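Subject: Structure for you to look at

Hi,

Here is the structure I promised to pass on, with my notes below it. Have a look when you get a moment.

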Amino acid sequence: MKKIKNFRVTAKLFAVILALTSMFALAGCDLLDSILGDNDREINDGMRVYFLDVGQGDAVFVRFASGETMLIDAGRWNLTHNSFRSRIREFFPDQERMQFDWFITTHSHADHIGSADYIVNNSYIRNIVRPITFTQAEVNAGAYREFGISEGNARMQQTATFQRFVTAMETSTWTDGSDTNIYIPMAGKYFYVGPLGSRARVTFYSPTVYNYNPGTNSFNVNHYSTIFCIYFAGQRIMFTGDAYYLNERHVLDNLPTDVSVLDVGHHGSNTSSGRTFLEHIRPTYAIIQVGIPETGNGYNHPHQVVLNRLNDVDAIVKRTDQLGDILIQVCAETSQKRVGALVPA
Ligand SMILES: [Zn+2]
């Protein structure tokens with residue numbers, strides 16, 4: 001098994017950057033939103049975030065201002081009514097293999113990593129953030145120790161889908177033939193994407209090694225969802241996978257306020273998007289990745305109580321079951337000012 005690396009963690013710097021980000025948020029450019037197909041409005045010099053309609057599941061493709069790419073989750077395992085594999089290929093029209101600088105998987109459920117093995121097997125990938133769960137073989141080998149997780153906190157996810165993903169990662173490479181870097185998300189860790197002048201920052205707030213299924217002995221992979229935020233040009237785009245109230249509350253004090261876009265947790269289920277959480281982050285836009293019943297939504301997601309809560313914090317709701325793919329764009333101009341001020345040359 002390949003070495004699993006930790007992100008750079010610099011607590012002091014982390015605090016400073018958060019403060020500066022807050023200061024410069026006011027200078028951020030307007031968020032553009034549009035529906036795919038309206039190509040006239042696509043911008044070239046900013047960040048584009050495509051919330052793909054994969055039925056009842058999650059998949060988000062990001063093209064950063066620097067040109068680097070990120071995939072967040074990889075759709076459902078069941079390909080019926082799922083155009084994810086052909087859809088994601090459309091972003092790489094002239095390439096036999098797709099190319100992702102980052103592939104982040106929020107957790108190991110099949111509506112999020114359903115095509116993760118397909119992605120890894122058909123792409124060059126520079127960095128993978130894998131779920132913080134382990135296969136039986138990895139648990140037996142003590143793989144969790146490589147990033148400081150105790151045996152008691154190491155959780156096993158023994159599904160065929162997850163196993164396929166883990167197996168695929170073992171031979172994954174980047175374009176130059178070097179091994180893909182494999183990371184585990186942890187609260188407080190972050191990385192940058194792109195050079196100075198068009199730089200984005202991605203910061204993780206969850207999981208912590210301590211909050212797995214707090215107060216209960218039951219094991220639910222959703223509790224292991226990573227909560228993270230992309231910062232770019234004074235805008236904040238937050239992802240929570242299928243995290244529950246418990247997870248939201250656990251990390252609430254560390255979360256940014258005035259989030260530009262929230263990828264609504266757990267497809268709008270009433271397990272998530274608690275009132276306290278929403279009142280803290282105050283999302284301008286709330287994107288719900290959810291399917292119609294024929295694409296696996298047997299849960300009546302999104303739940304009305306969540307839609308009510310989003311309405312109460314004045315979030316503008318957009319749903320993939322109603323709109324198909326949803327594109328959020330952030331223009332880059334003020335990013336250059338902001339980053340220039342943040343990190344003087
Ligand atoms: Zn899900």
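Ile104 stands opposite Val129 in β7. Strands here are DSSP runs of E of at least two residues and helices are runs of H or I of at least four, both numbered from the N terminus. Before going on, please keep in mind that this is a predicted model, in which local features need pLDDT of at least 70, side-chain atom pairs count only at pLDDT 80 or more, and totals for chains, interfaces and linings use all residues. Residues are numbered from 1 along each chain as its sequence is written.

Back to the strands. β6 (residues 98-104) and β7 (residues 123-129) pair in the parallel sense over 6 bridges; two strands count as paired if DSSP finds at least two bridges between them. Phe103 has Ile128 of β7 as its bridge partner.

β5 pairs with β6 over 3 bridges in the parallel sense, and Met70 has Trp102 of β6 as its bridge partner. β7 pairs with β8 in the parallel sense, also over 3 bridges, and there Asn127 is bridged to Asn181 of β8.

Next, helix α5 (residues 160-169). Its buried residues are Thr161, Phe162, Phe165, Val166, Ala168 and Met169. Seen down the axis of α5, they fall within an arc of 160 degrees, so they line one face of the helix; the arc is that of the directions from the helix axis to the C-beta atoms. These buried residues of α5 pack against α3, β7 and β8 (181-183). For burial, a residue is buried if 20 or more other C-beta atoms lie within 10 Å of its own, exposed if 12 or fewer, and partly exposed in between, with C-beta atoms placed from the backbone.

- Ala74 sits in the loop between β5 (69-72) and α2 (84-89). Ala74 counts as buried because 29 other C-beta atoms lie within 10 Å. Leaving aside neighbours within four places in sequence, its contacts are Ala59, Phe84, Ile113, Gly114, Ser115, Ala116 and Ile119, where contact means C-beta atoms, placed from the backbone, within 7 Å. Gly114 is 40 residues from Ala74 along the chain, yet their C-alpha atoms are separated by 6.0 Å.
- Gly194 lies in the loop between β9 (190-193) and β10 (200-206). With 20 other C-beta atoms within 10 Å, Gly194 is buried. Beyond four places in sequence, Gly194 is in contact with Phe64, Ala65, Ser66, Glu68, Arg199 and Ala200.
- Asp258 belongs to the loop between α6 (245-250) and β13 (261-263). Asp258 is partly exposed, having 14 other C-beta atoms within 10 Å.

Finally, the overall picture. The protein has 10 helices and 16 strands, and 47% of its 345 residues count as buried. Among contacts between residues at least 6 apart in sequence, 71% join residues at least 24 apart.

Best wishes

How values were computed:
Two residues are in contact if their C-beta atoms, placed from the backbone, lie within 7 Å.
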